[in-house]
Amino acid sequence: MELRQARYFLTLAEECHFGRAAARLHVAQPALSQQIKTLERELGVSLFQRSTRHVELTEAGRHLTPYARALVTEAERARVHMAELATGRAGRVSVGFIGTATYDVLPRVARTVRSRLPHLTLDLRGELITPQLVDGLLTGTYDLAVSRASAAGVEGVHITPLRTEPLIAVLPAHHPLAADRRISLGALADEPFVVHPSQPRSAMYDRVLSACARAGFRPSSLIEVGETATLVVLVAAGHGVALVPRSVQSLRLDGVTYVPLAETETIDLILARRAHRDSPAVQHVASIIEECVRP
């Protein structure tokens with residue numbers, strides 16, 4: 001049974017009149033009659049009882065009705081889905097996030113995409129570092145990556161700046177400087193630092209050490225961790241202090257205090273994607289990320 005035949009059959013079943021059914025279908029009545037006869041011949045049953053005044057379904061016609069309706073319904077669903085794919089409102093998009101954007105950017109992006117693009121499947125992965133995200137983009141694991149500017153200059157990766165945010169100190173709540181409104185980075189020179197990993201090298205690792213160097217010291221002790229949440233937990237436990245982008249304040253944990261620095265130390269957040277590989281769905285999600293992140 002062809003899709004056109006199913007539509008013709010259902011329309012005639014509803015109208016029980018060849019003339020009215022042909023008018024609804026915008027076809028000539030003889031053409032409709034011929035299609036119904038062809039369908040009956042192919043199925044080997046009579047679908048309608050016909051008289052000069054009346055047309056009604058036979059028992060076979062009544063049994064065929066749900067199958068024909070399911071066929072037409074699924075065809076319409078497929079048409080709508082293809083249209084949504086073509087316009088980027090359906091499909092699958094994978095996005096990776098650096099650790100310091102996992103608790104700030106990721107939830108807002110997820111909420112906005114779910115609200116605006118309910119038929120789009122969004123695969124999200126957080127707590128990554130820039131080298132992992134760049135590799136994921138190049139291998140096709142991720143379509144988009146919210147990353148650091150160290151991804152710039154990589155062949156095959158297109159960069160869109162999102163925002164520049166200041167670094168702030170994370171101190172144990174009981175630290176003598178925790179109550180200060182602002183502290184100099186040099187005041188932390190004797191403290192152990194909890195940092196993001198050096199292997200594979202996190203952009204935050206280099207940024208923290210360069211900020212400390214400008215303040216005139218190198219931390220005497222470094223505790224490297226892979227996840228931002230773990231970093232903050234270790235600070236809360238008294239293992240050291242840390243520097244993080246200001247957006248990490250959205251990660252609320254007992255036992256830590258976030259304190260601004262007297263110095264101006266910043267780090268850039270960017271959106272990375274594979275060059276010349278954007279689908280309409282990826283473009284939609286990229287626009288939403290830019291909207292959620294930019295001031």
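Predicted model: local features only at pLDDT ≥ 70, side-chain atom pairs only at ≥ 80, totals over all residues.
Mentor: Local features need pLDDT of at least 70, side-chain atom pairs count only at pLDDT 80 or more, and totals for chains, interfaces and linings use all residues. Residues are numbered from 1 along each chain as its sequence is written, and side-chain values use heavy atoms, without hydrogens and water.

Trainee: Why is Ala90 called buried?

Mentor: Buried means under 20% relative accessible area, exposed over 50%, partly exposed in between, with a 1.4 Å probe and protein chains only. Ala90 has 1%, so it is buried.

Trainee: Which residues is Ala90 in contact with, leaving aside its neighbours within four places in sequence?

Mentor: Contact means heavy atoms within 4.5 Å. On that basis Ala90 touches His81, Glu84, Leu85, His119, Leu120 and Ala281. The C-alpha atoms of Ala90 and His119 are separated by 5.0 Å, though the two are 29 residues apart along the chain.

Trainee: What makes strand β11 largely enclosed by the rest of the structure?

Mentor: Strands are DSSP runs of E, at least two residues, and are numbered from the N terminus. In β11 (residues 266-274), seven of the nine residues are buried, so the strand is largely enclosed.

Trainee: How do you know that β5 and β11 pair?

Mentor: Two strands pair if DSSP finds at least two bridges between them. Five bridges join β5 (residues 144-148) to β11, running antiparallel. Arg148 stands opposite Leu269 there. Strand β6 (residues 157-172) also pairs with β11 in the antiparallel sense, over nine bridges. Thr164 stands opposite Asp268.

Definitions and conventions. Helix = DSSP H or I, 4+ residues; strand = E, 2+ residues; numbered from the N terminus.
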